[in-house]
Amino acid sequence: MNQVIEFHDVCKRFGRQIVLDHVSFNVPAGNVFALLGENGAGKTTSIKSMLGLCTPESGTIRVLGLDPHRDGTEIRHRVGFVPEQPQMYSWMKVEEIGWFAAGFYAEGFFDQFIRRVEAFHVPRGQKIENLSKGMRSKVALALALSHDPELLILDEPTSGLDPLVRREFLESMVDRAATGKTVLLASHQINEVERVADYVAILREGKLAVVDRLEDLKERLAQLLITVRESFVPLPDLNGQVIHSFRRGRQWQALVADLTPPQLEALRTHEYVEAIESRRPSLEEIFIGYLGPSAAALPTEPHPSEEMQP
Amino acid sequence: MQLTIDPDNGLAIYDQIVRQVKYAVAAGVLREGELAPSVRELAKRLTVNPNTVARAYLQLQADEVLESIRGSGLIVRKAAPGRCRRERADLIQARLRTVLQEAKQSGLGVDDIRTLVDRELNRLEK
């Protein structure tokens, strides 16, 4: 399949801090690809690297087959990009900013832009500085879409927006994908990503924890709730398939990969296991599983002194 | 046809779409020969990934609920309503089975479970 974005072994550091640590992934054409991770996990740095706004120390990046370091201008011209906090000339009117941007693109941009802002119910004669945050975001989205880019990149597009504006953003993303275009988004909104993403990549402290088709990930992983007979019983050994586990009293919760039916049956009939439940994990459980503290790092029982903290 | 998608309910989103289209056909909300919404339209309405909707529609074609009419989209097949009504019972029964299994594993007795089921049914009747 045709890859719209390719990351191969990309490393980047700011001073001593490693921001991207040997990151490799591909974004196939015509898909919605979501980058997930906590603040500072490397999502925005990845996006900036794609656009040639920041240069990695090593590794290769290709966007639409181009090298962002060398062809950054062309990439920025061909993709649509909505940053987390769009910067626009605040003294311009909505239609003026569309007219201004149209100068950089082929004919038809301005008409498209006006059609989009009107569909978003943004008053075209209003100054940017007088628009609400939601309206401003919609102007930024309209600017990013009006040259019909083959790739749309959104950095935390819906954070801080009200549900109706978020819905409009989601609809636009879905509509892009329906016309065969590619969308890459960085997001915190797990439940939105769960609806719209074909692929998810989870970044943790600059390392890629997992990248896969969301549907395959859900098929491959199981969320187990295991009740053991005594609280000192450890989680039965599962050949390193456990991604994340913790215990509360006599119950273990575990996110497990590639659990076979015989393995599940063996667990069910294990002499120390009283009951076991297995189900498809939600994306939130997968996210917590890959990002949450490991069993070793977590105190087995809440620490009394911690509970005293306000 | 109104569908509601809950990504958290334990069923894959494409599966939820397949089921709800079948229920809509079974209930006569979507009739024989009527056009189903396009992939693009339904994806937008549900704000779910269009590839997911396309996958659901492929499944619905394989299950002989929808068929493609060249140039205009997908329509409900002849005899699909009857098939969907029969399948609706099977699908719901399977869902009930998992709930009842959970009830049994939780240690409730058969009579207790029956009381709970009756109580919920009464609540729905009101």
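Which residue takes a positive phi in the hairpin of β1(B) and β2(B)?

## The hairpin of chain B

In this hairpin, where three residues lie between the strands, the positive phi belongs to B:Gly71 and is near 85 degrees. Strand β1 of chain B covers residues 66-69 and runs antiparallel to strand β2 of chain B, residues 73-76, the two being joined by four bridges. Within this pairing, B:Glu67 has B:Ile75 of β2(B) opposite. Strands here are DSSP runs of E with at least two residues, helices are DSSP runs of H or I with at least four, and both are numbered from the N terminus; two strands pair if DSSP finds at least two bridges between them.

## Basis of the model

The model is predicted, and local features need pLDDT of at least 70, side-chain atom pairs count only at pLDDT 80 or more, while totals for chains, interfaces and linings use all residues. Residues are numbered from 1 along each chain as its sequence is written, and chains are lettered from A and ligands numbered from 1 in the order in which they are written.

## Chain A as a whole

Chain A contains eleven helices and 13 strands, and its C-alpha trace spans about 75 × 40 × 40 Å along the principal axes. Of its 310 residues, 38% count as buried (20 or more other C-beta atoms within 10 Å of the residue's own, with C-beta atoms placed from the backbone). Among the contacts in chain A that link residues at least 6 apart in sequence, 67% are between residues at least 24 apart, a contact being two residues whose C-beta atoms, placed from the backbone, lie within 7 Å.

## An open sheet in chain A

Four strands of chain A make up an open sheet with antiparallel pairing, in the order β11-β12-β10-β13. The edges are held by β11 (242-248) and β13 (273-279) of chain A, each of which has a single partner strand, so one side of each is left without a neighbour in the sheet. From one strand to the next the twist averages 15 degrees, with axes fitted as lines to C-alpha atoms and angles running from 0 to 180 degrees between N-to-C directions.

Within this sheet, β10 (residues 221-228) and β12 (residues 251-257) of chain A pair in the antiparallel sense through seven bridges, and A:Thr227 stands opposite A:Gln251 of β12(A).

## Where the chains meet

Contacts between the chains involve 16 residues of chain B and 20 residues of chain A. On the side of chain B that touches chain A, α2 (39-46) and α3 (50-62) of chain B each supply at least two residues, and the largest share, four residues, comes from α2(B).

Technical notes
Buried ≥ 20, exposed ≤ 12 C-beta atoms within 10 Å, placed from the backbone.
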